[in-house]
Protein chains: 2
Amino acid sequence: MVNRIFNFSPGPAMLPLAALEEAQRDLLALPGVGISILEISHRSKAFEAIIGQAEANLRTLLAIPDNYRVLFLQGGALLQFAMVPMSFLRNTGKSADYIVSGTWSKKAQEEAKTQGKVHTAWDGKSGNYNRLPQQSELELDPDAAYVYTASNETIQGVQFSREPDVGGVPLVCDSSSDFLSRPVPIDRYGILFACAQKNAGPAGVTIVIIRDDLVQRSPADLPSMLNYRLLAENKSLLNTPPVFGVYMVKLVTDWLLKEVGGLEKMAAINRQKAQMLYEAIDHSGGFYQRHAEPASRSMMNVTFRLPETALDEKFLGEAKALGLVELKGHRSVGGFRASIYNAMPMEGVVTLRDFMLEFSRKYGRAGSP
Amino acid sequence: MVNRIFNFSPGPAMLPLAALEEAQRDLLALPGVGISILEISHRSKAFEAIIGQAEANLRTLLAIPDNYRVLFLQGGALLQFAMVPMSFLRNTGKSADYIVSGTWSKKAQEEAKTQGKVHTAWDGKSGNYNRLPQQSELELDPDAAYVYTASNETIQGVQFSREPDVGGVPLVCDSSSDFLSRPVPIDRYGILFACAQKNAGPAGVTIVIIRDDLVQRSPADLPSMLNYRLLAENKSLLNTPPVFGVYMVKLVTDWLLKEVGGLEKMAAINRQKAQMLYEAIDHSGGFYQRHAEPASRSMMNVTFRLPETALDEKFLGEAKALGLVELKGHRSVGGFRASIYNAMPMEGVVTLRDFMLEFSRKYGRAGSP
């Protein structure tokens, strides 16, 4: 019996046990193949079937329209932060609109500045990114090269509940930390990308869903590995892809389809898990203090602080003793962050919620003698 | 008992069974951590120890001098083909010397053309890349931005036995397919890089060994993920690295150090394995026809053809029946290629050699009735 704990890390994050167990069982040799997934040729029939199934699963789960390509790339979201402006901003004479809703969209904007002009359509820094903009607050340029947004900000714990209306301008979305957590109308996006290590697989593979007209507009003067058109034409096999990462995406999406039953069901479970923690915060009589405003709250990353930072180490220590780890918040927000991606079991959230209630009784005013 | 076969693929390629078995054993949870290597935070103490040990192992195996950084990156050799000229050719007013010894150095040269002027210091195309140049054949520009070479050409099966003399110009080497197969004088190189999936680990991690003065010369206007200086300053943790790939590099280099006993010993075994196949070719009375000239032969990729292509399918089919797979040569060379990287067991090479002798007896003139 392996001793596994509840890992609330913002990413890399927990994976479904069923996927881990299948990977473990077959690690020395894929059944009927005699070669490990860690050794198999990316040009083999066996891997062709695996990457084909991973893509088919994603297409089913997200109802991806036929005029979108699904790419399995390397370099994480950070390389996408560069490839997007290298491809669609540089040399266009246009500027790109960035909706800055937290650390990661800010970082993406900085990367874009190396390639061309950027315009801030909105920036939530005055509230330390504790809320998202209303549509009416967005200053959008109708002639922008694209509008950039992050659907969920991992550090601040804010999540868009729907896409901004950007007219005919391509919408580019970093969905790294809420990918596959709920249904998404892909046809509203020009590009939607996500590193895998939150909801889709291990670190080292990045999924890019990109509309055909943007694929075709990739500039020819880019190096091959930065050229969406070449990557798409070669079905992610322009060079050796992250084979094991793609395999894990297949196993995780198998689980989503067969065990969970699709993204509507996954979203319902995720809402239930988040609700449990937000209620513990809201009903704590002010002991737990939220970071994100209720209307902007993330279903993936729950951020909160204690009434005094002197209690922080105690909170982390007592949580760890219960097998609840990686709860420390990012220094820019402080306090705590519980990342409760798809694979975090309900049991983990219940254990955390119960601990939070107990901790507030013990150290809160209500519990003082 | 898992049924594993002898996989002569040029890459991804076989891994040491000991490394696969350790990865399998701990796949659900690292001992004492309770979290899988596929889920662990790249900022955790446990992963810090793993990446630190992977680097320490590489430093020991290759005697890497202190003024070199060791980076674990994504994107394969193909992204290095771009990052090198983006960093050290673009905007320098110089040109870069490329020694074109096969498919991969040719491809690297093409990628560099997107970034600046390239000069061909030598090109082996007239002999279909069946030999390597003498020092006297190299047309080197003493003012070149760098000299680029591939130490081993996977497709043609030619391998440099020593570095070209390039004076004070930085030498850049793609060592993807012979990395860790033998000792290398790192101080002769400005940059030596290798994708892992031949000798060092699974696909999805690329090791870059780069001298400090080049690190410091990385242009500031590059996107972060393409900037060697930022990657080095952040010790490969600028963003989430390919955690599992780094872990496997640690396990493979553990094996090289502890089981094999270092690169001198590995090189001796590799010479013995290659010798066995080359002797079978040379002593076949012309039945097996070499591609690479003897002085340029690779210890990693053994390329040969049969007297008539009509026999090719028979050769592959009979080999497969013995559990010898992925022997088909690249279309640009034809015939066969046996890739015998570090982890190919002696038993696999003996089985192939014996099969080759038997096949030539059966179908060669000597064996005709």
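Author: Start with one definition. A crossing of two helices is left-handed if the near helix is turned anticlockwise from the far one by less than a right angle, and right-handed if clockwise. Keep in mind that this is a predicted model.

Reader: Let me try it. In which hand does α1(A) pass α7(A)?

Author: The crossing of α1(A) past α7(A) is right-handed.

Reader: What else describes two packed helices?

Author: Two values do: the angle between their axes and the distance between the axes. Take helix α1 (residues 17-25) and helix α7 (residues 243-260) of chain A. They pack at an angle of about 135 degrees, and their axes are 9 Å apart. That angle makes α1(A) oblique to α7(A).

Reader: Which residues of α1(A) and α7(A) meet?

Author: Look at Ala18(A), Ala19(A), Glu22(A) and Ala23(A) on the α1(A) side. Their counterparts in α7(A) are Met248(A), Leu251(A), Val252(A), Trp255(A) and Glu259(A). By type, the residues of this contact divide into 7 nonpolar, no polar and 2 charged.

Reader: At what angle do α2(A) and α7(A) pack?

Author: Helix α2 (residues 45-62) of chain A packs with α7(A) at about 45 degrees, with 9 Å between the axes. α2(A) and α7(A) are therefore oblique to each other.

Reader: Is the crossing of α2(A) and α7(A) left-handed or right-handed?

Author: Left-handed: that is how α2(A) passes α7(A). The contact residues in α2(A) include Phe47(A), Ile50(A), Ala54(A) and Leu58(A). Among those in α7(A) are Val246(A), Tyr247(A), Lys250(A) and Leu257(A). The residues of the contact of α2(A) with α7(A) divide into 12 nonpolar, 4 polar and 2 charged.

Reader: Now chain B. How do α3(B) and α4(B) pack?

Author: Their angle is about 45 degrees and their axes are 8 Å apart; α4 here is residues 103-113 of chain B. So α3(B) is oblique to α4(B). The two helices cross in the right-handed sense. From α3(B), the contact uses Phe81(B), Ala82(B) and Pro85(B). From α4(B) come Lys107(B), Ala108(B), Glu111(B) and Ala112(B). Sorted by type, the residues of this contact are 5 nonpolar, no polar and 2 charged.

Reader: Let me turn to sheets. What is the strand order in the open sheet of 3 strands in chain B?

Author: The order is β11-β12-β14, and the pairing is antiparallel. β11 (289-290) and β14 (336-339) of chain B stand at the edges, each with a single partner strand, so one side of each has no neighbour in the sheet.

Reader: How many bridges pair β11(B) with β12(B)?

Author: There are 2 bridges between β11(B) and β12 (residues 301-305) of chain B, in the antiparallel sense. One bridge to find is Gln289(B) with its partner Arg305(B) in β12(B). Helix α8 (residues 263-282) of chain B packs on this sheet and touches β11, β12 and β14. The direction of α8 makes about 10 degrees with that of β12(B).

Reader: Next, the pair of chains. How are two copies of a chain related?

Author: In general, by a rotation about an axis and a shift along it. Here, chain B can be laid on chain A by a turn of 180 degrees and a shift of 0.0 Å along the axis, with an RMSD of 0.0 Å. The two copies are thus related as by a two-fold rotation axis.

Reader: How many residues of chain B are in contact with chain A?

Author: 53 residues of chain B touch 53 residues of chain A. On the chain B side, the elements giving two or more residues are α1 (17-25), α3 (76-88) and α7 (243-260). That side of chain B divides into 29 nonpolar, 19 polar and 5 charged residues.

Reader: Through which surface do the copies meet?

Author: The same surface, because 100% of the interface residues of chain B are also interface residues in chain A.

Note on methods: Residues numbered from 1 in each chain as written. Chains lettered and ligands numbered in written order. Predicted model: local features only at pLDDT ≥ 70, side-chain atom pairs only at ≥ 80, totals over all residues. Axes fitted to C-alpha atoms, helices over the stretch in contact; angles between N-to-C directions. Helix = DSSP H or I, 4+ residues; strand = E, 2+ residues; numbered from the N terminus. Parallel < 35°, antiparallel > 145°, perpendicular 65-115°, else oblique. Contact = placed C-beta atoms within 7 Å. Nonpolar A, V, L, I, M, F, W, Y, C, P; charged D, E, K, R; others polar. Least-squares fit on C-alpha atoms with pLDDT ≥ 70 in both. Pairing = 2+ DSSP bridges.
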